[in-house]
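Here's a walk through the model you have open. Let's take it piece by piece.

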Amino acid sequence: MSTFKYLEKEINDIVNKKGYETDITLSLSNRPDLGQFQVNDAMKLAKMYHKNPVEIANDIKSELDNNDNFVNVNIAGAGFINISLSDKALINFINNIKDDINNNVDKVESKTILLDYGGANVAKALHVGHLRSANIGEALNRLAKVLGVKTISDVHLGDFGLQAGLVVLQMSIMYPDLPCFKEGYNGEDFELPITEEDLKVIYPTASSRSKEDEDFLNEARQITYQIQNNHIGYSTLWNKVSELSKKDIKKTYDRLNAKFDLWEGESDSFQYIPEVLKILGDKGLTYISEGATVMDVKEDSDDKEMPPILLQKSDGAYLYATTDLATIYGRLKRFNLDEIWYTTDIRQELHFTQVFRAAYKSGIVNDNIKLGFYGFGTMNGTDGKPFKTRTGGVMPLDELIDLIKVECRKRLNENIVEEEKREETSETIALAALKYADLLPFRATDYIFDPAKFSDLDGKTGPYLLYSTIRIRSLLKKAKQEGIDYNNFNIINNNSDKDVILTLLQLPNVLNRSYEAKSLNEVAEYIYKLTSTYNKFYSENKILTCENKDLKESWLVLSNIVYNTNMMLLDIMGINVPEKM
RNA sequence: GAGCCGGUAGCUCAGCUGGAUAGAGCAACGCCCUUCUAAGGCGUCGGUCAAGAGUUCGAAUCCCUUCCGGCUCACCA
């Protein structure tokens, strides 16, 4: 248990002992002039027990006064209890986490969660619309692991939709002589005549033609249906295209530091679709409407409209609801899961509501398994209009990264970074700038995509965090070189080191709240706060030249904890740290 | 028409399970490098929390109404 949680529990025990049944909350004070922390529950208790809040507060205070973890307990205003921690308590806290910062983390209930994020479309380049899914999903994955959750991540590629038909059709026009287009083709191997670069042209070409040429579109639909039903020539070609495309997609995800345990896609659910449709049909849940197979997911408690879920088109082809449902079915068949989390654009919320309802209603998912949709805000352009993901002409993700990289390269201190490291360092800093800027806003709020935003390298940015963290590392290294050992924390000297300690105390709450909210913004905010608090301390105190040996040792212990904490938080956000910058 | 999300400093955004004096970064203006990496530190300026009404000891936060913006609502994903 973290020190903060322990202290909160101690106060809670006191309150309970006084006869008040409640769970109090210890929080950082809004009035630092009155105390470090505050408890605001006396007012609530006053209502519950019909007593004077100040009396209750004083009653609690009398016990807190006898506890040597707390000092300067005072009551203010309507019954605010202000509490500060004794230096002894703070020193114990630091010594408790100095060898293992996991002692400053409160694990959550252990379970297994599958995270579905990424969602890149095969045969299309990753573009800026894919940024948030990768960043947020990966960070949630890493956060969950730090908190003791077992996770499985799946990129869930879009490889089963109309784009398959479009690409295959386009290729049949460009390369009509490919064996897979010949009659009597029976699956023999052949060489794909295109490269990853060609692929980036083929889909947009076909996509824009399909918008003007209805026959073309219908033919693509027909081919899509045939691929879904294992037409040997088309399927073989599409699989080859998928493999080629995956290699390209993986490169970009690698740059973003998004690592997936599973590289599956919609098409991997194909094998389960007949089974799923049979289950639904046997239970009498599906029916034909306007030629399509649909299922009602409206519930009696609904007082709003809830459209039925569409499972099979009138032409026989399946839809994303079908593959999503079959994917859930397949996942639960193979893994023992407690939860499945989806991280996509929030505009897909209705779709997932429908899929989840269908899953529960049909018994494909038991009630004790939680399906969670954690959408992120829509990516808008600087004009405020939503970013269209399927119209082509949008900025590829790689291009965006390169753009930021150029800015980072310009600012690189060439006296510090060796020439052969400059390329790699610029890349690492650029990714930090991009990822941090992306994780900083609350998950669900809409998002204005502006390349200039990511090229901002001053202030509350990824580069600031990297720079500061590296500077601490450099300090610690220098201490080692000078043969200075630091093992114990003994002295709190002034407000600037105390502020660092008080900030460290808050870490476990930040992690748990972020986990609850499925948003990294609080972690991002917190690492900035910790870093800037430390930087103030750093600028005010010359650590290595400090003449008081105990103080120097204490300061180095503290610096080491901040360094390790920063490294942990950066890792949660999927941000790598260069050697020097 | 129905539903969802949003409107907080010039800009970008936190804060929203009700708590004391609403925060951060950027931008603007000043100050601090012979000394552990100045991509740093310190300071100043900046607000009728869209509007109105309500709930109560207390509202940016909860309820209602209105205005403004965005999104979604069966054969794309």
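Helix axes here are lines fitted to C-alpha atoms, over the stretch in contact, and angles run from 0 to 180 degrees between N-to-C directions. Helices (H or I, at least four residues) and strands (E, at least two) are DSSP runs, numbered from the N terminus. This is a predicted model, where local features need pLDDT of at least 70 and side-chain atom pairs count only at pLDDT 80 or more, while totals for chains, interfaces and linings use all residues. Residues are numbered from 1 along each chain as its sequence is written, with chains lettered from A and ligands numbered from 1 in the order in which they are written.

Start with α18 (residues 507-517) and α19: their axes come within 8 Å and cross at roughly 155°. That makes the pair roughly antiparallel, because the angle is over 145 degrees. In α18, Val 510, Leu 511, Arg 513 and Ser 514 meet Glu 522, Val 523 and Tyr 526 of α19 (contact means C-beta atoms, placed from the backbone, within 7 Å).

Val 523 also turns up among the residues with the most contacts inside the largest nonpolar core, which has 147 residues. Such a core is a set of buried Ala, Val, Leu, Ile, Met, Phe, Trp, Tyr and Cys residues joined through C-beta atoms within 7 Å; buried means 20 or more other C-beta atoms within 10 Å of a residue's own.

Key: A residue is buried if 20 or more other C-beta atoms lie within 10 Å of its own, exposed if 12 or fewer, and partly exposed in between; C-beta atoms are placed from the backbone. Angles under 35 degrees count as roughly parallel, over 145 as roughly antiparallel, 65 to 115 as roughly perpendicular and the rest as oblique. Two residues are in contact if their C-beta atoms, placed from the backbone, lie within 7 Å.
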